[in-house]
Amino acid sequence: FCPICTLPIPLPINVHSVFNVCCMKRICHGCNVAAKKSGLFDCPFCRTHIPKNGADGLAMVQTRLEKKDPEAINFLGAEYYYASLGMRKDIRKAVELWSEAAKLGSIEALCHLGVAYYE
């Protein structure tokens with residue numbers, strides 16, 4: 001569900017929404033477009049500046065990691081698993097991060113762990 005309009009985001013979620021690393025929220029394209037039309041070019045949910053490159057995005061994720069945010073830990077695990085944002089693929093590190101996020105209550109991390117063990 002979109003945290004702004006509370007409508008369900010259609011599947012596949014990655015196609016119909018955008019993920020913001022500043023607040024770890026997935027916003028539907030409708031809310032994202034509406035925010036840009038109204039002149040808001042920052043994050044529509046938390047109003048912080050959207051990072052321009054991967055290094056700035058990772059810095060935002062790192063600050064959330066220090067606070068033990070399960071969504072940030074899950075996100076970083078996915079970055080290691082899929083080797084995105086300029087990171088090397090490290091499945092062992094991804095599984096460690098997903099295990100930690102699952103212990104902190106992330107259901108999405110449990111799903112990622114299941115897929116990783118299946119593969």
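**Rings, cysteines and cores**

F19 is partly exposed, with a relative accessible area of 28%; here buried means under 20% relative accessible area, exposed over 50%, and partly exposed in between (1.4 Å probe, protein chains only). The model is predicted, so local features need pLDDT of at least 70 and side-chain atom pairs count only at pLDDT 80 or more, while totals for chains, interfaces and linings use all residues. Residues are numbered from 1 along each chain as its sequence is written, and side-chain values use heavy atoms, leaving out hydrogens and water.

Let's begin with the rings. Rings of Phe, Tyr and Trp (its six-membered ring) pair if their centres lie within 6.5 Å; planes under 30 degrees apart count as stacked, over 60 as edge-to-face and the rest as tilted. By this rule there are three aromatic pairs. In one of them, F19 and F75 are stacked, 5.2 Å centre to centre with 20° between the planes. Because F19 lies in strand β1 (residues 17-20) and F75 in helix α4 (residues 70-82), this pair ties together parts that are 56 residues apart in sequence. Helices (H or I, at least four residues) and strands (E, at least two) are DSSP runs, numbered from the N terminus. F75 is buried, at 13% relative accessible area.

Y81 and Y82 make an edge-to-face pair, with 5.0 Å between centres and 85° between planes. Is each of these two buried or exposed? Y81 is buried, at 6%, whereas Y82 is exposed, at 52%. Ring pairs link Y81, Y82 and W98 into a cluster. The charged end of K89 sits over the ring of Y81, 5.5 Å from its centre; this term asks for NZ of Lys or CZ of Arg within 6 Å of the ring centre and within 35 degrees of the ring normal.

Next come the cysteines. A disulfide is a pair of cysteine sulfur atoms within 2.5 Å, and the count here is zero. For C5, the nearest cysteine sulfur belongs to C31, 3.7 Å away.

Now look inside. A nonpolar core is a set of buried Ala, Val, Leu, Ile, Met, Phe, Trp, Tyr and Cys residues joined through side-chain atoms within 4.5 Å. The largest has 21 residues, and M24, V61, L65, L76, Y80 and W98 have the most contacts inside it. Helices α3 (54-66), α4, α5 (91-103) and α6 (107-118) each supply at least two of its residues, with α4 giving the most, seven. Apart from this core lies another, of five residues, including C2, I9, I27 and C28.
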